[in-house]
Amino acid sequence: MPRVEETIPPHLVDEAEAARAWFSRDRGSEFKLTGVLDPEDLPEPACRGHAREVQLILCGHEDGQDVCLRERFEIAPANTGFDVKHLDDSAPEAGSPAPLLDPPVGVRAEWLEKTLPRHAFVALLFYRGFW
């Protein structure tokens, strides 16, 4: 089963940040980097001209909702920074870890802080890995 690591390993920080910045620009909304899938299984750091695939968990606000997405990127070192290519899955792959992810700490905190004062209580539902 894929494992999500909330702390980005030091050797992946620059690549992951480049992918996060690219994704935020592409979506027109600021996303936070909240995890990486199976960082111990990634190949050695890429050298110029050679890319590696990295799967990241990115959380942000889109279309009036808080969202967390598992996104795949191909990242290769370039003269200035990194070349980032988004690997778009049109259909989730079999065994995809996306529905198995627990919500990252703090993702709903802002929504909860705004909602609690307006109601006597708020129920959060976690059902079969979906939140």
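Biologist: How many aromatic pairs does a search of the whole structure find?

Modeller: The search finds 3 aromatic pairs. Rings of Phe, Tyr and Trp (its six-membered ring) pair if their centres lie within 6.5 Å; planes under 30 degrees apart count as stacked, over 60 as edge-to-face and the rest as tilted.

Biologist: Why is the pair of Trp22 and Phe73 called edge-to-face?

Modeller: The ring centres of Trp22 and Phe73 are 6.3 Å apart, and the planes stand at 80 degrees, so the pair is edge-to-face. Trp22 belongs to helix α1 and Phe73 to strand β4 (residues 65–77), 51 residues apart, and the pair links distant parts of the chain. Helices (H or I, at least four residues) and strands (E, at least two) are DSSP runs, numbered from the N terminus.

Biologist: What kind of model is this, and how are its residues numbered?

Modeller: This is a predicted model, in which local features need pLDDT of at least 70 and side-chain atom pairs count only at pLDDT 80 or more, while totals for chains, interfaces and linings use all residues. Residues are numbered from 1 along each chain as its sequence is written, and side-chain values use heavy atoms, with hydrogens and water left out.

Biologist: Why is Trp22 called partly exposed, and what is the label of Phe73?

Modeller: Buried means under 20% relative accessible area, exposed over 50%, and partly exposed in between (1.4 Å probe, protein chains only). Trp22 has a relative accessible area of 24%, so it is partly exposed. Phe73 is at 0% relative accessibility and therefore counts as buried.

Biologist: What makes Phe23 and Phe31 an edge-to-face pair?

Modeller: Their ring centres are 5.0 Å apart and their planes are at 70 degrees, so the label is edge-to-face. Both Phe23 and Phe31 are buried. Trp22, Phe23, Phe31 and Phe73 form one aromatic cluster.

Biologist: How many disulfides does a search of the whole structure find, and which residues are joined?

Modeller: The search finds 1 disulfide. A disulfide is taken as a pair of cysteine sulfur atoms within 2.5 Å. Cys59 is joined to Cys68, with S to S at 2.0 Å.

Biologist: Why is the disulfide of Cys59 and Cys68 called right-handed?

Modeller: The torsion about the S-S bond of Cys59 and Cys68 is about 110 degrees, so the disulfide is right-handed.

Biologist: Are Cys59 and Cys68 buried or partly exposed?

Modeller: Cys59 is at 3% relative accessibility, so it counts as buried. Cys68 is at 22%, so it counts as partly exposed.

Biologist: What makes strand β3 largely enclosed by the rest of the structure?

Modeller: In β3, 9 of the 11 residues are buried, so the strand is largely enclosed. Strand β2 (residues 31–37) is mostly covered, with 5 of its 7 residues buried.

Biologist: How do you know that β2 pairs with β3 (residues 52–62)?

Modeller: Two strands pair if DSSP finds at least two bridges between them. Here 5 bridges join β2 to β3, and the two run antiparallel. Lys32 stands opposite Cys59 in β3, and Leu33 stands opposite Leu58 in β3.

Biologist: How many bridges join strand β1 (residues 4–5) to β2, and how many join β3 to β4?

Modeller: There are 2 bridges between β1 and β2, which run antiparallel, and Glu5 stands opposite Val36 in β2. Strands β3 and β4 are joined by 11 bridges and also run antiparallel. The bridge partner of Glu62 is Gln65 in β4. β3 and β4 form a hairpin with 2 residues between them, and Asp63 in the turn has a positive phi of about 55 degrees.

Biologist: Why is Ser29 called buried?

Modeller: Ser29 has a relative accessible area of 16%, so it is buried. Ser29 lies in the loop between α1 and β2. Leaving aside its neighbours within four places in sequence, Ser29 is in contact (heavy atoms within 4.5 Å) with Ser24 and His61.

Biologist: Why does Leu12 count as buried, and why does Glu40 count as partly exposed?

Modeller: Leu12, in the loop between β1 and α1 (13–27), is at 2% relative accessibility and therefore counts as buried. Its C-alpha atom is separated by 9.1 Å from that of Val54, 42 residues apart along the chain. Glu40, in the loop between β2 and β3, is at 46% relative accessibility, so it counts as partly exposed. Glu40 and Pro9 are 9.1 Å apart in space, C-alpha to C-alpha, and 31 residues apart in sequence.
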